[in-house]
2 protein chains.
Amino acid sequence: MSLIVQKFGGSSVANADRVRNVARIVTETYRRGHSVVVVLSAQGDTTDDLIAKAREINPKASKREMDMLLSTGEQISIALCAMAIEGMGYQVVSLTGWQAGMLTNSAYGGARIKRIRTERIQRELDKRKIVLVAGFQGINKYDDITTLGRGGSDTSAVALAACLHADLCQIYTDVDGVYTADPRKVKGAYKLEEITFDEMLELASLGAQVLHNRSVEMAKRYNVNLEVLSSFSGVPGTKVKEVVKTMEKSHVSGVAKDKDVARIALIGLADEPGIAFKVFSLLARGRINVDIILQSIGRSESKDISFTVARGDMEQAQALLEKNRDTLGFNSIEVNDQVAKVSVVGAGMVNNSGVAAKMFEALFSAGININMISTSEIKISVLVDERDADRAVQAVHDRFFSEFGSGN
Amino acid sequence: MSLIVQKFGGSSVANADRVRNVARIVTETYRRGHSVVVVLSAQGDTTDDLIAKAREINPKASKREMDMLLSTGEQISIALCAMAIEGMGYQVVSLTGWQAGMLTNSAYGGARIKRIRTERIQRELDKRKIVLVAGFQGINKYDDITTLGRGGSDTSAVALAACLHADLCQIYTDVDGVYTADPRKVKGAYKLEEITFDEMLELASLGAQVLHNRSVEMAKRYNVNLEVLSSFSGVPGTKVKEVVKTMEKSHVSGVAKDKDVARIALIGLADEPGIAFKVFSLLARGRINVDIILQSIGRSESKDISFTVARGDMEQAQALLEKNRDTLGFNSIEVNDQVAKVSVVGAGMVNNSGVAAKMFEALFSAGININMISTSEIKISVLVDERDADRAVQAVHDRFFSEFGSGN
């Protein structure tokens, strides 16, 4: 008998039929002899509806009161799902974040889990009850309700799986796994059986919205076996783990696109030591995250630095740099938010220089210009014009995954 | 500086405008220098909507999970109202039942408050914050959420006022006070400035749905000064207290009608000692509450007993009595649910026999037949045919309260 944590997202519990569907999946797992802890998100649009209610009353409401408000969404889900499970004749108990012992710091709206007091959950499991826990929420040291921010319910589930030493943490969602590329947009994209934590992290940060990075990072840290699967299809999903058995040298697991990116170039910086440090520490103090960085080779006394930021940060970054133009000593700033990042992700990629060459060749064949290039252990990213992005993904995907182009 | 507890019902917080209206009333009280603790109900139809959601999933859901579900309604109210108060620039904090220390027994769906740990509220008041508390809810010794059942938010407010030694507990509702009769139905009905706890208890139990009896009983026990007033009108309401200053010998404070009543008559009972005891202990064991009891004077070997019960209990009472016909030894049962109870209520009434005479005279003049009569320290009730009930109330009210008929 093993312990399984199952997490269901908002669309999986959106109405009475879907709640009953979740109850069926949960009770089937229980009937197979497992102990089951279930983490639920708020139903469908509940959170958005609550946010709209709050905005109507006070658009600048404090985060503490927003958390007090929003945490009701998950509480409604666990109560309704418990009722559905009761209706099927099983012993069940629903627990809010504080009842489940989810202790967080005090960063309302984006709290971090510090510790889970698992005694209550353990006691209920010992009574052979199915335990439902409200995701996305906890309490801080003042006994005030906090929420975990984006991807919070995934994080709740992984944290519980880690603390309870669960054998598996299943993340049920409205897609049935992790694909080699977005299947709605890329012909030939297919579902992966397995993927490593690191690959999943890169894919998520590159815009594949299956699992939130926080939960994958946590799963990696505590070595929690994850599975991403659909609550509708009933077919096996994608397993996310430390090492995957199919891993080979030049394994490429996916192609991703990220449009939330803008490029900033500082032209004519003085070619003196520490100039990069000055630029990026300035941006760090302004809480602006920088992604790809490219520095031209200094041929004269001046050099250029270009880098990418999230589009929402572009204007602030530009203003910050302009304000410090004298200290930094550059000639001009160029900004461009009509760009997109296309990446291939695969563990062990760094050992196979052919992967990069294959990607560039695919883009060249499709007549797509590359603005910037960035590589890491398991990822190669290129910056292209936004209008070329979809064609770029398809071309790269064809090259790596199609029958004809596969060199994997 | 005094401490005031203010309670607002569901219609008072039904939408954003009304929530802002509540915030105005609360902050005005605070600006006058008072400490303010506010108890809120769920918005408008929220509770009914949640019940409908539950029914769709499982009509026989456990009460524990119903309480988990329903308690979200008040939590939404306190969060939204806190946001409105924040928007007006005041320091405020919202607290759920468990955060406010509302400890109850474990009777889910109808829990009783056992104790309030007021430390948290006291601490927030000491910081000069306005404190909002979710009504209708608490936690039991297992740390599970409970709800207090009907009239629960009024009870929360009175209990808090008692434990915090508040100077006043204001119950804001959609009527602006306690009237001498239902003003929508009885011409000449007017609002009372003051009323005693006992009168309020009789009026509430007689169908004047302003305050729930549980909260009035608690206010009487702990001598909490109550005021019933409207959150819309802005005019003074009705004060409910132990002794009212305008009290006179033959003071009559109101005329009430109760249609939730049925009459049962046992005909031809053996005229032997203990027969009444047998009948009513049987009904008590069946958890059927009996109200008016009338026993005929034994003229022969047999006698009749008639009594009233709530309409919902009539069939069960009848079945129970039929089942025990042999033991009780009666000839027949007559039941009638086309009756209504009309009552006049007033402290000190017992000392003035003229009150009863005046009531009967009014009914006689209106040609209304009286089925049963019952009197107590502060109340005279008559049972009439249901079709006569409204006319009876008007006739009695005219006799006691109109310019011409007033003998008060």
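Analyst: Two strands pair if DSSP finds at least two bridges between them, and strands (E, at least two residues) and helices (H or I, at least four residues) are DSSP runs numbered from the N terminus. This is a predicted model, in which local features need pLDDT of at least 70 and side-chain atom pairs count only at pLDDT 80 or more, while totals for chains, interfaces and linings use all residues. Residues are numbered from 1 along each chain as its sequence is written, chains are lettered from A and ligands numbered from 1 in the order in which they are written, and side-chain values use heavy atoms, with hydrogens and water left out.

User: OK, which strands does strand 18 of chain B pair with?

Analyst: Strand 18 of chain B pairs with strand 20 (residues 379-385) of chain B in the antiparallel sense over seven bridges, and B:V345 has B:K379 as its bridge partner there. Strand 13 (residues 254-258) of chain B also runs antiparallel to strand 18 of chain B, joined by five bridges, with B:V255 opposite B:V344.

User: And why is strand 18 of chain B largely enclosed?

Analyst: Seven of the seven residues of strand 18 (residues 339-345) of chain B are buried, so the strand is largely enclosed by the rest of the structure; buried means under 20% relative accessible area, with exposed over 50% and partly exposed in between (1.4 Å probe, protein chains only). Both faces are covered, with B:V339, B:K341, B:S343 and B:V345 on one side and B:A340, B:V342 and B:V344 on the other.

User: Switching to the interface, how much area is buried between chain B and chain A?

Analyst: About 3,400 Å² is buried, of which carbon and sulfur atoms give 59%; this is the accessible area (1.4 Å probe) that two parts lose on being put together, summed over both. B:I57, B:M83 and B:W98 supply 21% of the area that chain B buries against chain A, more than any other three residues.

User: How many salt bridges are there between the chains?

Analyst: There are two between chain B and chain A, counting a side-chain nitrogen of Lys or Arg within 4 Å of a carboxyl oxygen of Asp or Glu. One of them joins B:D144 to A:R120 (2.8 Å, N to O).
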